[in-house]
Structure formats: structure tokens, C-alpha cells
Amino acid sequence: MTAALASFCAIMQRYQPTQTQLMYKVFETADAAAYYTAQRMLKTIQAMPEPVLGLATGSTMEPVYAHFLQLLQRDPVDLSQLTTFNLDEYLGLSVTHAQSYHYYMQQHLFSKLALPQENIHLPGGVASDAEAACQAYSAAIQALGGLDLQLLGIGSNGHIGFNEPQTSFASRTHVVELSEQTRIDNGRFFADQSEMPTHAITLGIQDIVEAKEVVLMITGRHKADIVAQLYHSPIDEALPASALKQHPHLTIVLDREAAALLPSQAFAVSSLSSAQAV
Ligand code: F6R
């Protein structure tokens, strides 16, 4: 065990949950899972005077943001005190690049929200001093008292944010070299695979696990293997998402397909339809 992992385990051991206490919520469809996650976003915003949300991108989150916008239409809330921090951004892509996460967030969420521009934060993909920008990013989150809710997807290699396998669990925001698996997985979004960036800036694992609540949403049959690996894995830097396993307020939100390889005793299937409340 590395020194960083030992100190991470020491911090987390006061919670001492067991494997079977992991909180799974499994829904019949990916849409119902997204609806549940959108409701969790809304509830956090309603519950906190100055909510701070950690946001993710990727295909898993698209229906979450669509549901969230619909919920807001039905039940408008004041967003003037909301602050958001995104998990990650590709290094070298400008905010107007169609595959940048700045662009994604504008397209799927921010352009449709009355959210003060200064309350929106994403790591800068073209910062002149990336190291200083990374430190400032983690510090800005801490200055606001940390993240109230962190939304996460997962990579097929178990990454959270862009924290690839073997990233230190003590990491803060940092520049990362993307793994070959991630470049293959995410290259599908680029017209030419060779345009896929080699590096990104990501919130670190320590930043992520310090969030007061974490919702890890995983959908689709293609993610069933990593869901099962996560279930069986010890807490190990080889599987970045395993850092979440002792988080006291973690919910793993799955659709039935992503849960296909989990032992059935791990969960009960929820039947939340789009009309029901959490
Ligand atoms: C995105 C992010 C990544 C994705 C993961 C899954 O901000 O941090 O960890 O959540 O790569 O991506 P999708 O949802 O496209 O399968």
C-alpha cells in the first residue's frame, strides 16, 4: 500500500461501512435513472442556501441535464446562489471547440439556465500556467466549503473525472495523460480519432471524495463489467472509482443493463417512472 493510499484509508476508516452497505439504486431504464439523478440535483439546490454542485459531462449525463431543465420548468427555483464546478476539461481545446466540455455544458445546461456566469467553473483547457490553474481550482472549491453534491459517471477502465487507473487517492486537481482506453472510448466523439487530446485537467480524487454527497450514475450494458468490477474490488488505486467505496453518502445509480452482472442480492430494482418523485 502506498503512503497516499494509507493516509486516505486512515481518513475514511471512521465510517467503516462494509461492501454490502453500498447504496445501489437500480432502475428499469436509463431514463428513469437520469430522472432520479436530476431530482437529486434539484433537491440539493432547494436544501442549501448557497449550493455548490460538482458536475460531469459525457453521454451518461445528457439525459440528466434534460430532465433537470424540465424539472425547473415545472418547479422554478432561484439559481442566483448556485455555484457549479465541472470535473474536467481536455487540455488544448478552446471553449468554443465542439468537443470541449465548456461547449458541452453550454449546449446541454448553461445556455438554458439563469445562472450567473461568474458562478460557473470549469478547468481551463488552455491555461498558460496549468499547474497554477489546477491549484486555484481545488482552492476555489474549498473556499466555498466544498461540494454539496458531486455527480459522476465512470469510464470503462474505472476512471472518475479523468483520474485514470493508478492515480493517487490523495490527488487534487491535476493534469493527466489520458489512458489508451479512454482515448479509444472518447475518440468516438471526434470526427477524426487523431484529434482526440492526449491530456486533460481533472479534479483530483481527494477533491471528489470530500464532496458531502456523491451520485455515481452508470447506464448501459457496455458498463456492466466495470460495475461488477467495482462491486468486487477492494479499495485500490488500480480502480479509481473504488475510492468512493467508503464514502458515507454515496449513491450508485444504475439502469438494469448496467446492473446485469451484479449479484442479485446487491440491490432491489426501483420502479421510478418519470412521473414519480424521489
Ligand atoms: C466526464 C467525466 C468522465 C465520464 C466518463 C463516462 O466529465 O468525468 O469520467 O463521466 O468517461 O463517460 P460517458 O458517460 O460518456 O460514458
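For the shell described here, Ala, Val, Leu, Ile, Met, Phe, Trp, Tyr, Cys and Pro count as nonpolar, Asp, Glu, Lys and Arg as charged, and the others, Gly among them, as polar. Every view below comes from a predicted model.

**View 1. The ligand and the shell of residues around it.** By that scheme, the shell splits into three nonpolar, eight polar and three charged residues. In total, 14 residues surround the ligand, and the closest are T57, T60, D88, H159 and G161. As for where it is, the ligand sits in the largest pocket.

View 2. Zoom in on three residues here: T57, D88 and K223. The side chain of T57 has an N or O atom 2.7 Å from an oxygen atom of the ligand. For D88, a polar side-chain atom lies 2.6 Å from a ligand oxygen. How much of the ligand's accessible area does the protein cover? On its own the ligand has 410 Å² of accessible area, and the protein covers 95% of that.

View 3. T251 belongs to strand β10, which runs over residues 250–255. Is T251 buried or exposed? Its relative accessibility is 5%, so T251 counts as buried, the cut-off being under 20%. The side chain of T251 makes a polar contact of 3.0 Å with the side chain of R40.

**View 4. Two residues of helix α2, L42 and Q46.** Helix α2 covers residues 30–47, and L42 is part of it; Q46 has its place in helix α2 as well. L42 is buried because its relative accessible area is 7%. Q46, on the other hand, comes out as partly exposed because its relative accessibility is 44%. Each of them can be paired with a residue further along the chain. L42 and L71 are 29 residues apart in sequence, and 7.9 Å separates their C-alpha atoms. For Q46 and L82, the separation is 36 residues along the chain and 10.0 Å between C-alpha atoms.

View 5. S94 is partly exposed, since its relative accessible area is 32%. Which distance separates S94 from V126 in space? Going C-alpha to C-alpha, it's 6.4 Å, although S94 and V126 are 32 residues apart in sequence.

**View 6. Q166 and its positive phi.** Have a look at the backbone here: phi of Q166 is near 80°, a positive value in a residue that isn't glycine. For context, most residues other than glycine have a negative phi. Where does Q166 lie? Q166 is in the loop between β6 (149–152) and β7 (174–177). With a relative accessible area of 57%, Q166 is exposed, because exposed means over 50%.

**View 7. Q181 in helix α6, with G155.** Q181 is found in helix α6, residues 180–187. A relative accessibility of 37% is why Q181 counts as partly exposed. The view also takes in G155, which is 26 residues from Q181 along the chain. Between the C-alpha atoms of Q181 and G155 there are 8.8 Å.

Key. Residues numbered from 1 in each chain as written. Predicted model: local features only at pLDDT ≥ 70, side-chain atom pairs only at ≥ 80, totals over all residues. Heavy atoms only, no water. Near = heavy atom within 4 Å. Polar contact = N/O pair within 3.5 Å; in protein donor to acceptor, adjacent residues only side chain to side chain. Areas by Shrake-Rupley, 256 points an atom, 1.4 Å probe, with all protein chains shown as cover. 1 Å grid on protein atoms, 1.4 Å probe; cavity = no way out; pocket = protein on both sides within 12 Å on 5 of 7 lines; lining within 4 Å. Sits in = over half its atoms within 2 Å of the grid points. Helix = DSSP H or I, 4+ residues; strand = E, 2+ residues; numbered from the N terminus. Buried < 20%, exposed > 50% of the residue type's maximum accessible area, 1.4 Å probe, protein only.
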